[in-house]
Amino acid sequence: SWRIDSMDVVLDVQKNSSVWVEETVTFTFEGSYSYVGRVIPTKNLESLTDIEVLQDGRPLPQGSAAGTWETFMEGDSRIIKVNFALTDASATWVFRYRASGSVFFFDEGDELRWYVFDADTPVPIGRVRATVKLPEPVPPEQMTVALNTGSSVDRDYSTPAAGEAVFEAGLVPPHTNYWVVVGFPKGVVNFEWTFKRVLAAVVPRAG
């Protein structure tokens, strides 16, 4: 068997509306294992680039042998597969990447909508923490936060500092999604045209 002991995610929102993501994930394996996959939902994203995987502070090379990583798409998810050779052990990897398209623009304000993980994770996650950092020190009273996850999950969220929101949860059962939303005033991030946004603007008018 295997499980995810903890998952710490930092979402650093940039002025151009892209997001630099750093995930520190600890796994425990009982028995012998040779790989594990980090499944990243991408159905609300434009792109996911600049992927890195680190262990013990050291970037791992891409490849298919032990001590490497590889990536591929599976449906709407980006899979980052880490290759190793472990038996009855725990290990921690850091996943870094840049995501575009997760900020949504509205008349009254804008929102970051981030799917930390979907309901296809087959094992429990002992603890989850997601920290969102905006590019400007937005006063907490001008921010809104929301969390979508299982009803049995012990969860909490707050805005402890200007321009920062923190989401925390205890044990998350298998097959439970964990989605976070942070709203903020217009102008905090810049609107930039992307392929999906062009289609959203043009297609209805063409129709």
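Predicted model: local features only at pLDDT ≥ 70, side-chain atom pairs only at ≥ 80, totals over all residues.
**Exercise 1.** Locate the partners of the salt bridge between D8 and R127, and classify each by its accessibility.

*Solution.* The closest N and O atoms of D8 and R127 are 3.0 Å apart. D8 is part of strand β1 (residues 2-13) and R127 of the loop between β8 (110-117) and β9 (128-133), so parts that are 119 residues apart in sequence are tied together by this pair. As for accessibility, D8 is partly exposed at 24%, and R127 is partly exposed at 36%.

**Exercise 2.** Find which strands are linked by the salt bridge between E22 and R96.

*Solution.* In this bridge the closest N and O atoms are 2.7 Å apart. The pair links strand β2 (residues 19-41), which holds E22, to strand β6 (residues 77-100), which holds R96, and the two residues are 74 residues apart. E22 counts as partly exposed at 31% relative accessibility, and R96 counts as partly exposed at 32%.

**Exercise 3.** Describe the geometry of the aromatic pair formed by W2 and F27, and then name the cluster to which these residues belong.

*Solution.* A search of the whole structure finds eleven aromatic pairs. One of them joins W2 and F27, whose ring centres are 6.2 Å apart and whose planes make an angle of 35 degrees, a tilted arrangement. Because W2 lies in strand β1 and F27 in strand β2, the pair ties together parts that are 25 residues apart in sequence. W2 is partly exposed, at 26%, whereas F27 is buried, at 1%. Both residues belong to one aromatic cluster, formed by W2, F27, F29, Y33, F84 and W93.

**Exercise 4.** Identify the rings over which the charged ends of K81 and R113 lie.

*Solution.* For K81, the charged end sits over the ring of Y35, at 4.6 Å from its centre. For R113, the ring is that of F104, with a distance of 4.8 Å from the ring centre.

Note on methods. Residues numbered from 1 in each chain as written. Heavy atoms only, no water. Salt bridge = Lys/Arg side-chain N within 4 Å of Asp/Glu carboxyl O. Helix = DSSP H or I, 4+ residues; strand = E, 2+ residues; numbered from the N terminus. Buried < 20%, exposed > 50% of the residue type's maximum accessible area, 1.4 Å probe, protein only. Phe/Tyr/Trp six-rings, centres within 6.5 Å; stacked < 30°, edge-to-face > 60°. Lys NZ or Arg CZ within 6 Å of the ring centre and 35° of its normal.
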